[in-house]
Amino acid sequence: MKTMKLLDQRADPFVYKHTNGKYYFTASVPAFDLIELRSADTLEGLSAAQPKVVWTRHTEGPMSKNIWAPEIHYLEGKWYIFFAAAQDDADPRGCFDHRTYVLVNPSADPMEGEFTELLQVKTDWETFTLDSTVLQNKGQTYLIWAQRDPAIDSNSNLYIARMPQPGVLELPGVMLTQPEYEWECLGFRVNEGPSVLHHGGKLYLTYSGSATDERYAMGLLVADENADLLDPASWKKSPVPVMVSEPKNGLYGPGHNSFTKDENGNDVLVFHARPYPGFKGGALSDPNRHAHLRWLRYDEKDEPVFQDANGLE
């Protein structure tokens with residue numbers, strides 16, 4: 001499978017291909033202190049594109065620490081960036097206090113004009129919330145996100161809700177998955193980083209589980225595009241991960257992915273991975289989660305293949 005490194009030290013990578021053919025890239029930066037945006041006419045051209053800082057963290061308060069996982073989307077004629085931010089570091093139990101916020105830019109090109117703060121996304125609880133992604137299907141717009149339910153013993157589960165306007169949800173949200181299999185609970189009980197691939201009449205919802213070292217892996221939920229996406233029974237969950245570390249390829253802890261298409265319309269997986277197992281320092285202080293591209297192939301059942309079997313030991 002064709003795989004290439006796109007950018008060094010950019011975690012949680014997100015690529016958006018606009019209707020004009022341009023590509024826009026954003027991701028978590030090592031200092032977790034700002035949001036930057038890149039643009040290029042080609043997917044691989046993002047590697048050499050110069051970043052523009054479009055927002056910087058506050059000096060104190062709810063948006064002052066650990067700016068994580070921005071995603072850019074074009075909705076209702078404007079550009080929106082969804083991202084997670086906190087006001088404190090982790091508590092003694094290792095729990096963070098992130099919430100999800102939205103920026104907006106009415107310019108035709110998001111590299112022009114300014115992004116301004118729009119709102120905090122309100123969910124069913126005021127708890128750890130992160131990794132929001134937008135799904136549009138059959139004329140409806142949904143938000144899928146990761147959050148800690150105070151009644152469930154996990155760091156984060158995945159939820160979905162209809163989103164009638166950017167950042168505003170029809171609540172209550174519906175839980176699609178929580179950590180239940182061993183591979184999702186290594187180090188931490190985590191389901192996070194959702195992204196959706198639309199192919200062959202199906203929606204492939206990928207997500208990441210476990211601690212962010214070499215145990216980090218990618219899971220999968222699948223639904224028919226005509227199903228009721230707010231019904232958890234519409235989503236079939238794989239009991240095994242669909243992408244894990246590939247030592248022979250030097251990819252450890254692959255995950256927190258997004259999807260895009262290249263200039264020829266081929267589906268491309270955008271993901272981060274470290275070039276070694278473990279951490280150099282700690283999970284957050286180690287900056288070497290690099291952004292990669294992988295061109296997907298489809299098997300005899302027309303289902304996506306994410307794993308490079310040649311990269312496994």
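The sulfur of Cys185 has its closest cysteine sulfur in Cys95, 15 Å off, which is too far for a bond. This is a predicted model, where local features need pLDDT of at least 70, side-chain atom pairs count only at pLDDT 80 or more, and totals for chains, interfaces and linings use all residues. Residues are numbered from 1 along each chain as its sequence is written, and side-chain values use heavy atoms, leaving out hydrogens and water.

**Cysteines**
- Searching the whole structure turns up zero disulfides (a disulfide being a pair of cysteine sulfur atoms within 2.5 Å).
- Cys185 comes out as partly exposed, at 23% relative accessibility (buried is under 20% relative accessible area, exposed over 50%, partly exposed in between, with a 1.4 Å probe and protein chains only).

**The four-stranded sheet**
- Four strands make an open sheet in the order β1-β20-β19-β18, with antiparallel pairing (strands are DSSP runs of E, at least two residues, numbered from the N terminus; two of them pair if DSSP finds at least two bridges between them).
- At the edges sit β1 (3-7) and β18 (252-261), each pairing on one side only.
- From one strand to the next, the twist averages 30° (axes are lines fitted to C-alpha atoms, and angles run from 0 to 180 degrees between N-to-C directions).
- β1 and β20 (residues 290-295) run antiparallel and are joined by four bridges; Thr3 stands opposite Arg294 in β20.

**Asp131**
- You'll find Asp131 in strand β10 (residues 129-137).
- Its side chain reaches the backbone nitrogen of Gly193 at 2.9 Å.

Technical notes: A polar contact is a pair of N or O atoms within 3.5 Å; within protein, one must be able to donate a hydrogen and the other to accept it, and residues adjacent in sequence count only if both atoms are side-chain atoms.
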